[in-house]
Amino acid sequence: MPRRYRKSSPSAPPGYFHWEARGLRWLSDAGGALVAEVLDVGEDYLELPLLEAAPPTAAHAEQLGRGLAAVHAAGAEAFGAGPDGWDGDGWLGPVSELLPLRLGTWGTWGSFAAEARVRPLARLGHERGVFDDEGLALLERLADTLATGTLDTDDGPSRLHGDLWSGNVVWTRDGAVLIDPAAHGGHREADLAMLLLFGAPELDRVLAAYDEAAPLADGWRDRVLLHQVHPLLVHAVLFGGSYVRQALDAAARYA
């Protein structure tokens with residue numbers, strides 16, 4: 001019987017642990033990357049195997065790249081769709097201060113990114129005093145540009161981890177295991193951009209193996225900053241500081 005890790009928090013909103021469990025199972029069902037197994041879940045807890053960390057290896061990095069490609073290829077019903085069996089919106093961020101993650105059904109990535117990602121955080125940040133009127137106007141212009149579809153690619157909705165920074169990838173003796181998702185249907189470049197935002201071990205090998213398994217659209221590196229706008233907005237709203245300027249500078253490039 002595996003050793004267990006019980007995740008709980010008195011600050012988690014009702015339904016949060018079921019949301020995370022649905023996401024883990026949805027990612028695991030894709031049969032690609034290694035995903036932490038849901039051993040048990042209740043209203044105020046989630047039980048997972050206790051993962052033992054091990055040094056990253058080149059082989060496991062390549063395994064992760066191929067595995068992510070397979071997870072993304074499993075797809076989603078639409079841009080913005082939640083995991084199978086989940087109704088309503090989700091959450092994103094540290095469990096101590098979760099932000100709502102708008103879910104739904106959008107026919108294009110641009111319309112989804114505008115209405116479900118940029119505008120909600122721009123307005124929340126403005127309400128909290130993080131973005132001034134000028135910053136809000138810039139973010140609204142970016143949303144308008146996104147909604148036109150001019151920044152879209154031909155990629156359909158992928159099955160995303162949704163919060164794929166290096167802290168949510170646990171390197172073990174068996175390979176890199178995904179934890180703590182905010183899983184939904186989105187653009188596959190978003191997961192890769194999140195890895196690139198804060199860096200990760202053996203990242204060049206991860207990306208090369210991904211691109212070999214599922215070649216990325218031309219110009220994807222020029223869109224990395226575009227897909228980093230959302231996580232930068234999340235960090236700006238939660239933590240302020242230099243993230244505010246980073247988010248606005250990134251938005252200005254594409255607005």
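How many aromatic pairs does the structure hold? The structure holds seven, a pair being two rings of Phe, Tyr or Trp (its six-membered ring) with centres within 6.5 Å; planes under 30 degrees apart count as stacked, over 60 as edge-to-face and the rest as tilted. The model is predicted: local features need pLDDT of at least 70, side-chain atom pairs count only at pLDDT 80 or more, and totals for chains, interfaces and linings use all residues. Residues are numbered from 1 along each chain as its sequence is written, and side-chain values use heavy atoms, with hydrogens and water left out.

One of the pairs joins Y16 and F17. Their ring centres lie 5.3 Å apart and their planes meet at 75°, so the pair is edge-to-face. Both Y16 and F17 are buried (under 20% relative accessible area; exposed is over 50%, partly exposed in between; 1.4 Å probe, protein chains only). For Y16 the relative accessibility is 5%.

Y16 also pairs with W91, again edge-to-face. Here the centres are 6.0 Å apart, with 70° between the planes. Y16 belongs to helix α1 (residues 16-29) and W91 to strand β5 (residues 90-92), so this pair ties together parts 75 residues apart in sequence. Helices (H or I, at least four residues) and strands (E, at least two) are DSSP runs, numbered from the N terminus. W91 is buried, at 16% relative accessible area. Ring pairs link Y16, F17, W19, W86 and W91 into a cluster.

A charge also meets a ring. The charged end of R6 sits over the ring of Y45, 3.9 Å from its centre (NZ of Lys or CZ of Arg within 6 Å of the ring centre and within 35 degrees of the ring normal).

The largest pocket holds about 630 Å³ of space. A pocket is an open set of points on a 1 Å grid over the protein atoms alone, where a 1.4 Å probe fits, with protein on both sides within 12 Å along at least five of seven lines; lining residues have an atom within 4 Å of a point. Its lining numbers 41 residues, with L92, G162, D163, M194 and P231 nearest the centre. Helix α7 (224-239) is among the elements that supply at least two lining residues each. The most comes from α7, with nine residues. By class, 27 lining residues are nonpolar, eight polar and six charged.

The second largest pocket holds about 270 Å³. Its lining has 12 residues, of which L51, E52, T172, D174 and V177 are closest to the centre. Seven are nonpolar, one is polar and four are charged.

Notes: Grid points are joined across faces, edges and corners, and a volume is the space filled by probe spheres set on the points. Ala, Val, Leu, Ile, Met, Phe, Trp, Tyr, Cys and Pro count as nonpolar, Asp, Glu, Lys and Arg as charged, and the others, Gly among them, as polar.
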